[in-house]
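Here are a few friendly notes to read alongside the model. Please keep the 3D view open as you go through them.

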Amino acid sequence: MLTVAGVGPGNPRYLTVDVVEKIKEADTIIAFGRVGHSIKTIRDDYIEVNRVDQVIEILDKDRDTLLLASGDPNFFGIVEFLKRKGVKVDRVLPGLSSFQYMMSKLQMSWQECIFVSLHGRDHDLKDILDHKLTIMLIDKINSPSYISEELDKLGMKGRMYVGFNLSYDDEKIIRANIGDEIEDYSSLGVVVIENEMA
């Protein structure tokens with residue numbers, strides 16, 4: 001039986017009670033690097049993986065396996081990947097997404113925003129020009145400075161809010177104008193774009 005669970009933005013304080021219980025009782029736990037560090041105070045006998053395809057190699061159908069993913073596993077997460085690969089997911093336990101954490105820090109509502117993941121994915125930034133609010137997941141290549149510069153080239157005016165290492169002790173949230181250069185503190189980040197022109 002395979003359960004996929006979200007551990008939230010990273011700090012163990014944001015684990016749900018459901019996920020903590022499952023961590024305690026699962027036969028086998030598979031976790032990505034930083035995700036594993038989030039559960040060390042609960043259990044440290046997990047299998048660490050660095051790539052998504054490693055998960056499939058390790059899965060044992062005869063054991064109660066818990067796969068831990070950052071954020072929420074259904075939000076641009078691993079559940080979609082596993083299903084595409086024909087892996088049967090028996091249960092999904094939600095986690096707090098990094099964008100939800102970020103929006104709570106900004107005290108901004110997000111029900112009318114659009115979501116974009118640039119985390120290991122391509123996306124045409126022109127698609128967001130008509131939207132007042134966009135929330136993006138970023139990576140090393142699609143950094144906040146790159147996004148700021150590209151949106152400026154497209155003529156967008158407005159603000160960017162960038163959250164790095166959210167929920168960790170070294171968390172940093174930066175406010176900038178579109179077109180500003182933004183220092184990249186980490187590849188773990190969320191960008192919120194307020195478009196003044198939409």
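1. Start with the second largest pocket: its lining divides into five nonpolar, two polar and six charged residues. Here Ala, Val, Leu, Ile, Met, Phe, Trp, Tyr, Cys and Pro count as nonpolar, Asp, Glu, Lys and Arg as charged, and the others, Gly among them, as polar. This is a predicted model, where local features need pLDDT of at least 70, side-chain atom pairs count only at pLDDT 80 or more, and totals for chains, interfaces and linings use all residues. Residues are numbered from 1 along each chain as its sequence is written, and side-chain values use heavy atoms, with hydrogens and water left out.

2. The second largest pocket holds about 250 Å³ of space. Leu 2, Leu 59, Lys 61, Val 87 and Lys 88 are the closest to its centre among the 13 lining residues. A pocket is an open set of points on a 1 Å grid over the protein atoms alone, where a 1.4 Å probe fits, with protein on both sides within 12 Å along at least five of seven lines; lining residues have an atom within 4 Å of a point. Points are joined across faces, edges and corners, and a volume is the space filled by probe spheres set on them.

3. Now turn to the largest pocket, with a volume of about 1,100 Å³. Its lining has 39 residues, and Arg 34, Ser 70, Phe 76, His 119 and Leu 188 are the closest to the centre. By class, 18 are nonpolar, 14 polar and seven charged.

4. Helix 4 gives the most to the lining of the largest pocket, four residues. Helices (H or I, at least four residues) and strands (E, at least two) are DSSP runs, numbered from the N terminus.
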